There are 2 protein chains.
Amino acid sequence: MVVKVYGADYACPKRVIVCLIEKEIEYETVFVDGFKGEHKQPEYLKLQPFGLLPVIQDGDYTLYESRAILRYYAEKYKNQGTDLLGKTIEERGLVEQWLEVEAQNFNPPIFSLVMNILVSPIMGTPSDPKVIEECEEKLGKVLDIYEDRLSKTKYLAGEFFSLADLSHLPFTHYLVGSMGKAYMVRDRKHVSAWWDDISSRPSWKKVVQIHPFPL
Amino acid sequence: MVVKVYGADYACPKRVIVCLIEKEIEYETVFVDGFKGEHKQPEYLKLQPFGLLPVIQDGDYTLYESRAILRYYAEKYKNQGTDLLGKTIEERGLVEQWLEVEAQNFNPPIFSLVMNILVSPIMGTPSDPKVIEECEEKLGKVLDIYEDRLSKTKYLAGEFFSLADLSHLPFTHYLVGSMGKAYMVRDRKHVSAWWDDISSRPSWKKVVQIHPFPL
């Protein structure tokens, strides 16, 4: 069964796509024009009532929330492709911890930076310099903690690449690229080496090549 | 091994405690005075570098982020106490989806309401009426989607109580209680019945009784 992924142009769906590639799962994409608000239309809301991207359809199984989809496929195909959950329940616990850190600590400031720096000019909505300054400071503090962690372990959850690292790819790609904030990664030696490592994986290079970012 | 839970007085640690009770796991609590900023002191930051509650210690295994801890114990003791993950990988996928909805859609506005309505007066910091109004509106829209979902299934992930429901207990307890916003639950028939069901579980009644909320 080929997995359908809605909205492949955007960052959160790319989190799912890079996971599917790592897990060697066949997929196809369904275009959703977020800039025209297609994700807020009744047809889409039947699939995802909150009007957010992505959604997947796998036969008659529908699932949304990118990190839930990651967990579903990482577990369902545990023994196919890259293992992204760790070998033991304790390792998986640490994967879950750092995946939550990404969702709760890293994502809020970087999402806000993306909205204010990249999305606002396109949508013609005002961007807020004070919010940008505050979020940059918050993100810097989070990355200081990552720097400390990554001075002790090669990846966030330990010595193995996992969902916790993978989940950082789409938004960090913006940070070091079109947002012009590469210094936040490059000024931190271990974060910088980690970024070079995870962003040079064939799976991510493929995502960037065949599903280029719109921003 | 008795699990040590840091900061049992606060909402996020209570998410962990109610899970431990459902899973019949012995625990003890370590007092952390959040109002005095003990969670920002060097000793605590060694356990949780972001300065957030809770942390658990289980022998020499340390874990933070409440929802990661829930997943760890629900999986480790899958066959002990209440099953909180569903019977199949597809059911677990839906548990993960609704647990993410709680974290990403429900929690941000309700957390902000708690900070502005309950915490600000105690800390002597200003509360923002505009933020309260906006968050109440956002939370109302989320609860409208819950109402629709709960008109079709008894619990969020399906016909079984799971981590997805459990994770809502501490902050919804504030909403219907000391925050004075019970109408947000009571005006929605299916959300109201769901709340009565999950909040009357012996596990939650025990949490409220032996670890009373400070607010």
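**Ground rules.** I am reading a predicted model, where local features need pLDDT of at least 70, side-chain atom pairs count only at pLDDT 80 or more, and totals for chains, interfaces and linings use all residues. Residues are numbered from 1 along each chain as its sequence is written, chains are lettered from A in the order in which they are written, and side-chain values use heavy atoms, leaving out hydrogens and water.

**Where the chains meet.** I looked up contacts (heavy atoms within 4.5 Å) and found 30 residues of chain B touching 30 residues of chain A. I then looked up salt bridges (a side-chain nitrogen of Lys or Arg within 4 Å of a carboxyl oxygen of Asp or Glu). Between chain B and chain A there are eight. One of the salt bridges joins Arg71(A) and Glu100(B), at 2.8 Å from N to O.

**Within chain A.** Arg67(A) pairs with Glu102(A) at 2.6 Å, N to O. Arg67(A) lies in helix H3 and Glu102(A) in helix H4 of chain A, so this pair ties together parts 35 residues apart in sequence; helices here are DSSP runs of H or I, at least four residues, numbered from the N terminus. Both residues are buried, meaning under 20% relative accessible area with a 1.4 Å probe, protein chains only.

**Another buried pair.** Glu136(A) and Lys181(A) form a salt bridge at 2.8 Å, N to O. I noted that both Glu136(A) and Lys181(A) are buried.

Technical notes. Helices (H or I, at least four residues) and strands (E, at least two) are DSSP runs, numbered from the N terminus. Buried means under 20% relative accessible area, exposed over 50%, partly exposed in between (1.4 Å probe, protein chains only).
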